Amino acid sequence: MGWTRKDLLTMRDLEAGEIVLLVDTAASLQEIAGREIKKVPALRGKTVVNLFYESSTRTRTSFEIAGKWLSADVINFSASVSSTSKGESFVDTAKNIAAMSPDVVVVRHSSAGAAELLARQLPCSIVNAGDGAHEHPTQALLDLLTIREKKGHFEGLHVAIVGDIAHSRVARSNIHGMRKLGMTVTVAGPPTLIPPFVQELGAKVSYRLEDAIGDVDVIMMLRLQQERMTEGLIPSLREYSRFWGLTLDRLAKHARPDVLIMHPGPVNRGVELSPEVADGPYSVILDQVSRGVAVRMGVLLLLAGRKGGDGA
Amino acid sequence: MGSPAPRHREKAQVLDEIALDRALTRIAHEILERNGGAKDLAFVGLRTRGVSLAHRLSEKIAQIDGTTLPVGALDITLYRDDLGMRGTPVIRGTDIPFSIKAKTVILVDDVLFTGRTIRAALDAIIDLGRPTAIQLACLIDRGHRELPIRPDYIGKNLPTSRRESVAVRLREHDGEDRVVIEEPEEA
């Protein structure tokens with residue numbers, strides 16, 4: 001299967017074969033991280049712009065390292081220190097950046113659809129690095145790569161995604177990707193944090209942590225996105241933690257001994273994950289971060305390396 | 001590397017199973033002769049068929065000399081000079097589980113053609129460390145070089161026209177050991 005898309009916007013758009021191609025490409029690129037000289041010339045002369053309107057540590061750094069290891073020139077733009085603060089609109093800023101002929105623009109924005117808006121307006125490749133509560137495809141891809149490396153396959157696996165599903169682009173992208181690859185997904189959280197349409201995406205729903213984690217291969221814990229919560233969706237952090245926090249005790253009682261614990265970060269220790277679980281033997285949280293670089297290298301390479309793909 | 005042309009039909013057989021094996025045996029002897037034994041040698045095969053050939057050469061040297069030389073696999077996709085001209089880049093991964101520092105690396109490929117693949121492979125190897133020397137072994141040298149690159153060990157010199165292609169078929173991938181010249185179906 002070849003890669004023909006100009007942009008990577010959502011997991012929903014992708015076919016299973018495209019997801020597997022992205023994961024395979026990333027898997028083959030992982031070896032670069034172990035080299036003494038972590039640089040290959042594949043994207044020499046290509047320019048990647050990170051256009052971040054929301055704070056980010058992992059994703060922005062990861063795209064930056066990925067671009068640099070592939071020899072692309074990487075420019076970081078963050079809205080707080082730019083002409084955005086002088087009143088320039090999102091599309092105007094993006095068009096100005098596009099006028100400098102980048103090959104790939106990686107965009108994160110608090111509004112759903114921001115990446116797609118740019119993809120329609122700009123001639124260069126756009127990567128969605130998170131648009132509001134909509135999608136975050138590279139996170140889902142790195143989660144999938146981590147799962148395959150640890151479990152060996154996708155088909156038939158059962159994943160529980162636990163916590164603030166309503167505000168989570170990670171959950172949405174993962175549900176789309178996992179369903180396409182023949183995995184079962186159960187989402188779990190307090191009813192106020194489960195969006196009403198989630199069954200339509202093919203996910204099962206559970207309202208008790210103990211039930212949700214019982215018979216799954218992977219538990220993906222999510223952070224409470226308090227910055228996106230406008231009304232009182234949970235009574236208190238303490239109560240949330242008591243019912244929905246994953247502790248060693250709960251794991252030992254209810255989960256399988258070979259379960260993987262994942263978290264897209266940043267972790268709020270003591271809220272959704274106890275420190276013993278976050279740092280424990282089941283946890284692959286830092287593996288996810290390492291694989292994030294490989295996934296972003298794969299995405300940049302496939303977008304910039306597609307036939308006739310010189311950004312024009 | 002054979003270029004991804006449309007459909008090809010077989011024009012002539014160049015090597016059969018026995019001739020292919022003999023060529024590899026001779027190359028193994030030449031490698032030992034030229035380097036005064038097997039000390040500090042290592043094989044790096046180019047994906048995909050160069051890797052199989054490298055393993056076979058390593059086995060031959062083990063039979064002759066009793067030394068088991070390490071074999072690595074090199075994928076040069078990230079070093080190509082034509083990214084974006086050939087469609088989706090397929091990365092099959094580099095796997096060289098030993099240090100190439102202070103080693104004489106024998107680079108192994110199936111068909112030597114323009115030399116561009118080897119140019120990329122030299123860059124890729126040097127990025128992994130500083131070998132003492134790099135030598136090049138190719139099963140078929142079909143000419144038409146576009147770069148100043150010359151093999152050290154050749155299985156067979158095979159003058160070809162540019163419109164033909166050379167297919168190296170190996171047991172490990174194709175179920176048979178054979179080298180054939182192919183030409184475009186529609187002529």
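The model is predicted: local features need pLDDT of at least 70 and side-chain atom pairs count only at pLDDT 80 or more, while totals for chains, interfaces and linings use all residues. Residues are numbered from 1 along each chain as its sequence is written, with chains lettered from A and ligands numbered from 1 in the order in which they are written.

**Overall form of chain A**
- The C-alpha trace spans about 55 × 45 × 35 Å along its principal axes.
- Chain A holds eleven helices and nine strands (DSSP runs numbered from the N terminus: H or I of at least four residues for helices, E of at least two for strands).

**Domains of chain A**
- An automatic or database assignment gives domain 1 (16-135 + 292-305) and domain 2 (137-288).
- Their centres, taken over C-alpha atoms, are separated by 26 Å.
- The contact takes 21 residues from domain 1 and 18 residues from domain 2 (C-beta atoms, placed from the backbone, within 7 Å).
- On the domain 1 side, helix 1, strand 4 (125-131) and helix 11 each supply at least two residues; the largest share, six residues, comes from helix 1.

**Contact between chains A and B**
- Chain A contributes 21 residues and chain B 15 residues.
- Helix 1 (16-29) and helix 11 (285-305) of chain A each supply at least two residues of the chain A side, and the largest share, four residues, comes from helix 11.

How values were computed: Contact = placed C-beta atoms within 7 Å.
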